[in-house]
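Me: I would like to learn how to read a structure of this kind, one feature at a time. Could you take me through it slowly, with the general idea before each case?

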Amino acid sequence: MSERILHFAGIVLVSWAVIYMLRALPFIVFSRSARSEKPWLRTVERWLSPTVIAFLVAYSYSGLEWRTLWPYISGLIVVLMQLRFGNGLVSILVGTVAYMVLIRI
């Protein structure tokens, strides 16, 4: 029984170490001094978030049918809130509330 517990504890410890190192690796590799030396990294930093958001929007709207305009109106509200306040959490929260209100109309 104790051999099984040690085996399980070893698996958990190795898994923890691998996950910890994978999460720490970008901070080690792309430290501040390394970041200032690589201009391509600045380009990636600038365009990665908008690109990921564009893919998520395209994926979110890809399965919709044109039965109602509510998803598109709430998406427009999210964009307008983001342009106005620049806070992603507020934008998503207001867009979600707007969608929930609109589908109940």
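Me: Where does the model come from, and how are its residues numbered?

Reply: This is a predicted model, in which local features need pLDDT of at least 70 and side-chain atom pairs count only at pLDDT 80 or more, while totals for chains, interfaces and linings use all residues. Residues are numbered from 1 along each chain as its sequence is written, and side-chain values use heavy atoms, with hydrogens and water left out.

Me: Is S74 buried or exposed, and which residues does S74 touch?

Reply: Buried means under 20% relative accessible area, exposed means over 50%, and partly exposed lies in between, with a 1.4 Å probe and protein chains only. S74, in helix α4 (residues 70-85), counts as buried because its relative accessibility is 7%. Contact means heavy atoms within 4.5 Å, and, not counting residues up to four places away in sequence, S74 touches G95, Y99 and L102.

Me: What does the side chain of S91 make a polar contact with?

Reply: A polar contact is a pair of N or O atoms within 3.5 Å; within protein, one must be able to donate a hydrogen and the other to accept it, and residues adjacent in sequence count only if both atoms are side-chain atoms. The side chain of S91 makes such a contact with the side chain of Q82, at 3.0 Å. S91 lies in helix α5 (residues 88-103) and is buried, at 1% relative accessibility. Leaving aside neighbours within four places in sequence, S91 is in contact with V78, M81 and Q82.

Me: How many aromatic pairs does the structure hold?

Reply: A pair of aromatic rings is described by the distance of the centres and the angle of the planes. Rings of Phe, Tyr and Trp (its six-membered ring) pair if their centres lie within 6.5 Å, and planes under 30 degrees apart count as stacked, over 60 as edge-to-face and the rest as tilted. The structure holds two aromatic pairs. W16 and Y20 form a stacked pair, 5.4 Å centre to centre with 20 degrees between the planes, and both lie in helix α1 (residues 2-29), four residues apart, about one turn of the helix. Y61 and Y72 also form a stacked pair, at 5.2 Å centre to centre and 15 degrees between the planes. Y61 lies in helix α3 and Y72 in helix α4, so this pair ties together parts that are 11 residues apart in sequence.

Me: How far is the charged end of R84 from the centre of the ring of F85?

Reply: A charge sits over a ring if NZ of Lys or CZ of Arg is within 6 Å of the ring centre and within 35 degrees of the ring normal. The charged end of R84 sits over the ring of F85, 5.1 Å from its centre.

Definitions and conventions. Helix = DSSP H or I, 4+ residues; strand = E, 2+ residues; numbered from the N terminus.
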